[in-house]
Amino acid sequence: MATDLRKRILAANDIKVEPVEIPEWGGTYYIKVISGTDRDAFEESYAEQKMKAFRVRFLLLALCDEAGERIFKDEDSAELGKKSSVVINRVFDAAWKVNAFTNEAVEALGKD
């Protein structure tokens, strides 16, 4: 029984991908629910780097193609960071909401 449940959980496609219109970048792009592993790594990096490129580092994980594959690699942070802060903030807000982050969760990150 437990083996069947394990297989069902691991086979489930639970990474939601949503379109986001970004006219400044020429059209529709996608944001996704990041994996548990990516979220843990992001939260750990927050403790190390605090607010350094916070929004951009999160978007590196959340921006994706229609199939949910990441568009950017970690080393693209500086380049993506050169884009409009207004656009980055708007896309970040959408990705933050999709990933069910709360202000309380962020405040808790800084307490350790």
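1. Phe-42 and Phe-54 are both buried. Buried means under 20% relative accessible area, exposed means over 50%, and partly exposed covers the values in between (1.4 Å probe, protein chains only). The model is predicted: local features need pLDDT of at least 70, side-chain atom pairs count only at pLDDT 80 or more, and totals for chains, interfaces and linings use all residues. Residues are numbered from 1 along each chain as its sequence is written, and side-chain values use heavy atoms, with hydrogens and water left out.

2. Next, the aromatic pairs. Rings of Phe, Tyr and Trp (its six-membered ring) pair if their centres lie within 6.5 Å; planes under 30 degrees apart are stacked, over 60 edge-to-face, and the rest tilted. The count by this rule is eleven aromatic pairs. In one of them, the ring centres of Phe-42 and Phe-54 are 5.4 Å apart and the planes stand at 50°, so the pair is tilted. Phe-42 belongs to helix α2 (residues 36–49) and Phe-54 to helix α3, so the pair ties together parts twelve residues apart in sequence. Helices here are DSSP runs (H or I, at least four residues), as are strands (E, at least two), numbered from the N terminus.

3. How are the rings of Phe-58 and Phe-101 arranged? Their planes stand at 90° with the centres 5.4 Å apart, so this pair is edge-to-face. The pair links distant parts of the chain. Phe-58 sits in helix α3, and Phe-101 in the loop between α5 and α6 (103–109), 43 residues apart. Both Phe-58 and Phe-101 are buried.

4. One aromatic cluster is formed by Phe-42, Phe-54, Phe-58, Phe-92, Trp-96 and Phe-101. The rule asks for NZ of Lys or CZ of Arg within 6 Å of the ring centre and within 35 degrees of the ring normal. Arg-39 places its charged end over the ring of Phe-101, 3.6 Å from the centre. Arg-55 lies over the face of Phe-92, at 5.2 Å from the ring centre.

5. Eight of the nine residues of α3 (residues 54–62) are buried, so the helix is largely enclosed by the rest of the structure. The buried residues are Phe-54, Val-56, Arg-57, Phe-58, Leu-59, Leu-60, Leu-61 and Ala-62.

6. Ala-95 is in helix α5. Is Ala-95 buried or exposed? Ala-95 has a relative accessible area of 0%, so it is buried. Ala-95 touches Ile-31, Phe-58, Leu-59 and Ala-62, not counting residues up to four places away in sequence. Contact here means heavy atoms within 4.5 Å. The C-alpha atoms of Ala-95 and Lys-32 are separated by 7.0 Å, though the two residues are 63 residues apart along the chain.

7. How many salt bridges does the structure hold? There are five. A salt bridge is a side-chain nitrogen of Lys or Arg within 4 Å of a carboxyl oxygen of Asp or Glu. Among them is the bridge between the side chains of Glu-24 and Arg-90, at 2.6 Å from N to O. That pair links distant parts of the chain: Glu-24 lies in the loop between β1 (17–22) and β2 (27–32), Arg-90 in helix α5 (residues 85–98), 66 residues apart. Glu-24 is partly exposed at 45% relative accessible area. Arg-90 is partly exposed too, at 34%.

8. Two further salt bridges can be checked. Asp-74 pairs with Arg-70, with the closest N and O atoms 2.8 Å apart. Asp-74 is exposed, at 52% relative accessible area, while Arg-70 is partly exposed, at 30%. Lys-82 pairs with Glu-79, with the closest N and O atoms 3.1 Å apart. Lys-82 is exposed, at 62%.

9. Now the strands. β1 and β2 run antiparallel and are joined by six bridges. Strands pair if DSSP finds at least two bridges between them. Pro-19 stands opposite Tyr-30 in β2. The two strands form a hairpin with four residues between them. In the turn, Gly-26 has a positive phi of about 95°.

10. One last backbone point. Most residues other than glycine have a negative phi. Ala-100 is not a glycine, yet its phi is positive, about 55°. Ala-100 lies in the loop between α5 and α6. Ala-100 counts as exposed, at 55% relative accessibility.
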